[in-house]
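Here's a quick briefing for anyone opening this structure for the first time.

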Amino acid sequence: MDSSNDEALDIIVTNVVATFRTRCHLNLRTIALEGTNVIYKPEVGKVLMKLRKPKITASIWSSGKIICTGATSEDEAKLGARRLARCLQKLGFKVRFSAFKVVNVLAVCSMPFAIHLIDFTKNNRPIASYEPELHPAATYRIKHLKATIQVFSTGSLTVTGPNVQNVATAVEQAYPLLFECRKPLCK
Amino acid sequence: MSSRVCKTCGGSDIDVDQARGSAVCTGCGSVLEDNIIVSEVQFVEGSGGVSSAVGQFVSADGPVKAPLLGSGFHTSVGKESRAQTLQSGKRQIQQLGSQLQLNQHCLDTAFNFFKLVVSKHLTRGRKTEHVIAACLYLVCRTEGTPHMLLDLSDLLQVNVYILGKTFLLLARELCINAPAIDPCLYIPRFAHMLEFGMKTHEVSMTALRLVQRMKRDWMHTGRRPSGLCGAALLVAARMHKFRRSVRDVISVVKVCQTTLRKRLTEFEDTPTSQLTIDEFMKVDLEQECDPPSFTAGQHKAKMQQLEQELARKLDEVEGEISCYKDEIETELEKSRPKLRGIYAAYSKEINPEDDEVLSSLSEHEEVEDTDFHATTEHLTQDFLSQVIQEEKGQGRKTVNDDVRVQEEGPEEEVEPQEEAGPQHQVAPLAIILGNLPSAASLSLQETFQTFDKAEAGGSPDDEQSESGELDLNGIDDQEIDKYILNDKEVQVKTELWMKQNAEYLQEQKEKEERINKEKEQGTYKEKKKKTYKKREQIQASTASEAIEKMLEKKKISSKINYDVLRDLNCGTGSPSRSSDEPPNTTTSQKRLNRRRCRKSSEANQDLAANTCIMGKRFRRLISSTPKKKKLASSVENTVTMATAAAAEPADSDTHSTPQAAPNPVEVEEEEEEVEVEEECVSALQLVGDYGCEVEEEDVF
């Protein structure tokens with residue numbers, strides 16, 4: 001599956017972003033004054049609330065939309081979101097937990113070889129783009145998976161996609177292409 | 001100009017007088033040509049003695065049809081919006097391109113890119129400046145000129161990453177594959193700027209070799225090419241005995257000192273740096289290096305590993321020392337003289353405690369203290385035994401035995417499990433926790449279990465999320481209560497927050513006061529949010545109807561071939577309908593708009609309304625294209641008919657009243673005058689006026 005001989009590649013999910021709605025209007029000032037770990041930003045119009053147990057940060061808007069970031073897995077994101085909703089419930093709002101959706105998953109992965117970015121870009125012309133003046137990595141966008149892979153010359157990869165499955169598939173798809181343009185490391 | 005033969009005398013000697021613009025045969029004197037078109041520039045003296053050239057500038061790719069004099073006025077004088085955009089774009093490209101010293105071919109290519117971009121609507125929402133810069137940079141990349149994105153951003157004073165974003169987007173949308181930047185391209189340019197005089201070429205060649213070497217050593221991937229060039233040029237300059245400091249180089253190359261120094265150190269790490277100058281020019285090493293970031297990462301990993309090993313070794317040594325310490329203590333005990341008499345009683349009390357502390361394990365009634373001790377000892381002994389095991393393998397059980405002798409009680413259970421079990425450090429912890437009968441471990445386990453349960457309870461949520469109910473499974477209420485402050489805390493926080501955000505609150509108050517005051521005064525103008533009126537859906541039964549309605553709603557363009565459109569609509573349209581308009585002055589116009597009158601006043605009303613709406617546009621159409629008047633009017637009629645058929649009277653009422661009032665109908669005349677009619681009086685009135693007059697023959 002991975003077309004690697006010795007080890008399997010470790011894809012480590014570092015961040016999961018999810019959104020959900022509480023279907024009720026929230027008074028940000030109350031939340032700001034009665035909650036711990038809360039930062040109120042009136043200019044932007046949102047409240048940042050940080051939870052410790054699943055370590056997540058949530059942006060809460062007064063319309064009831066909430067964005068949760070910082071979780072390390074999809075389940076954790078959901079748990080954190082529910083915790084948050086429970087907390088808001090206790091503060092006195094008529095909170096309903098609806099429309100929970102994982103929006104973005106960020107993962108890192110490391111290849112056991114270095115990659116020649118210029119060759120890689122040349123072989124995959126429209127899909128890959130490399131602009132050394134702007135960013136040291138080559139960007140490879142897979143449209144049908146809606147995933148983006150940033151390839152560094154040291155062989156480390158940063159993958160973003162809508163869910164964990166897509167991310168894994170993206171890495172698997174990209175592996176043979178990267179393998180072609182590899183450069184075995186001396187040490 | 002070919003000399004022609006005179007018709008009368010056959011002589012070929014023809015005198016062309018440019019000033020008079022005439023060609024005369026010198027043999028017989030007959031005038032062959034009059035009013036020759038000359039392509040010379042004539043000058044005219046203006047006021048103040050200023051002489052200016054006579055004539056108009058006509059752009060090469062302007063509007064296809066020249067604006068007809070005496071007729072034809074669109075909203076924008078002379079050109080359409082698209083043409084104007086292109087023209088201004090071309091001007092900006094020329095301006096920017098000349099600053100970069102690009103040749104005309106490049107500028108033309110850039111303009112072509114710009115035309116493509118405009119046709120794909122990629123300019124929407126972007127500053128024209130950015131788009132132009134991106135087009136120019138695209139040309140630079142495809143042509144391979146030594147211009148950097150940084151140069152462009154310097155000229156425009158725009159952040160280079162913003163330009164880069166636009167550039168990437170354009171390249172993607174236009175499917176233009178810009179070849180990758182080669183640092184070798186920049187060398188000649190920078191070398192020239194560093195002023196090496198006669199030796200510029202040699203220095204460039206050396207620098208080029210250096211850059212190629214860097215490429216092979218994997219220093220160039222992921223780095224800005226300008227940084228590499230800077231380092232290469234610096235070294236090359238020194239090699240040729242030119243004194244160029246780091247500061248000179250960075251001012252030319254536009255990177256910072258740190259970057260340059262880093263590149264130099266990286267180059268230093270490669271084996272090539274060990275060669276002498278002559279060797280370098282001749283020899284090329286085969287070996288390639290790893291990318292520097294990779295080596296740095298590996299270095300870090302190695303350091304970490306070393307540290308870990310050191311820590312382990314330290315622990316080991318400590319363990320050994322404590323072993324020896326214990327042994328020494330026991331020996332001392334034995335050799336200590338026994339106390340007799342009263343002192344014996346005292347010493348007995350002290351001794352047991354000492355013994356416990358020294359021997360470091362016991363089965364105590366007081367659970368907490370000794371548990372702590374026990375656990376710490378556990379951990380250190382575990383570490384020890386693990387390390388020993390790892391290093392010396394199973395053979396060295398003697399040390400373990402020694403260790404074991406010192407221990408009593410629960411540890412013995414632990415040891416055999418350890419030796420057999422995995423080397424992970426998590427396992428011993430669990431085992432320890434499992435064995436120790438302390439309240440702490442029990443509660444810890446509980447929380448672990450609740451956590452597991454929580455994760456398992458994820459799936460039943462799916463059904464509940466539909467209803468919006470919150471699934472409380474696995475949520476520890478106690479913990480969440482901790483997140484909520486009690487009353488006193490709330491008070492304190494409120495105070496703090498108010499103090500902190502005093503300015504913001506003040507602003508808000510002032511704003512409210514201001515609004516209230518304005519409301520009282522009646523001058524309160526609420527800032528209208530830009531609400532985009534929703535486009536009405538066109539209700540049409542056939543495709544041709546839909547086209548007509550669309551035409552009427554949208555601005556009518558001069559590029560539509562109405563001939564074709566009319567043929568398309570031949571099914572629905574009948575060319576004779578009445579339409580009204582405010583009193584006209586020219587008879588030709590009247591004739592144009594006369595039609596057989598309609599029967600129902602309602603229909604008239606509709607028509608009136610519609611023509612009021614469209615009067616403006618149709619006037620334009622009609623008068624601008626005299627040949628096409630018929631077509632235009634027929635289109636108008638078919639459209640009006642269609643709209644009349646579709647629109648309800650109520651609708652048209654609302655239309656007519658607002659439209660009637662501010663509808664300045666432009667009456668175009670042949671003489672290029674625009675007569676603005678003030679206020680169609682009322683649609684019905686107008687129709688009433690014309691109801692009887694319309695019975696005239698069609699002129700066409």
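In chain B, B:Val24 sits across from B:Val31 of strand E3(B). Strands here are DSSP runs (E, at least two residues; helices are H or I runs of at least four), numbered from the N terminus. Keep in mind that this is a predicted model: local features need pLDDT of at least 70, side-chain atom pairs count only at pLDDT 80 or more, and totals for chains, interfaces and linings use all residues. Residues are numbered from 1 along each chain as its sequence is written, chains are lettered from A and ligands numbered from 1 in the order in which they are written, and side-chain values use heavy atoms, leaving out hydrogens and water.

**The chain B sheet**

- Strand E2 (residues 22–25) of chain B pairs with E3(B) in the antiparallel sense, over two bridges; two strands count as paired if DSSP finds at least two bridges between them.
- Zooming out, there's an open sheet of three strands in chain B, ordered E1-E2-E3 and paired antiparallel.
- Its edge strands are E1 (14–17) and E3 (31–33) of chain B, each pairing on one side only.
- On average, neighbouring strands of this sheet are turned by 30 degrees against each other, direction ignored (axes are lines fitted to C-alpha atoms, for helices over the stretch in contact, and angles run from 0 to 180 degrees between N-to-C directions).

**Strand pairs in chain A**

- Strands E1 (residues 11–21) and E6 (residues 98–110) of chain A run antiparallel and are joined by nine bridges.
- A:Thr19 has A:Lys101 in E6(A) as its bridge partner.
- E6(A) also pairs antiparallel with strand E11 (residues 156–161) of chain A, over six bridges, and there A:Ser110 stands opposite A:Ser156.

**Where the chains meet**

- Chain A puts 49 residues into the contact and chain B puts in 63, with contact meaning heavy atoms within 4.5 Å.
- About 5100 Å² is buried between chain A and chain B, and carbon and sulfur atoms give 58% of that (buried area is the accessible area, 1.4 Å probe, that two parts lose on being put together, summed over both).
- There's one salt bridge between the two chains (a side-chain nitrogen of Lys or Arg within 4 Å of a carboxyl oxygen of Asp or Glu).
- B:Arg141 forms a salt bridge with A:Glu131, with the closest N and O atoms 2.5 Å apart.
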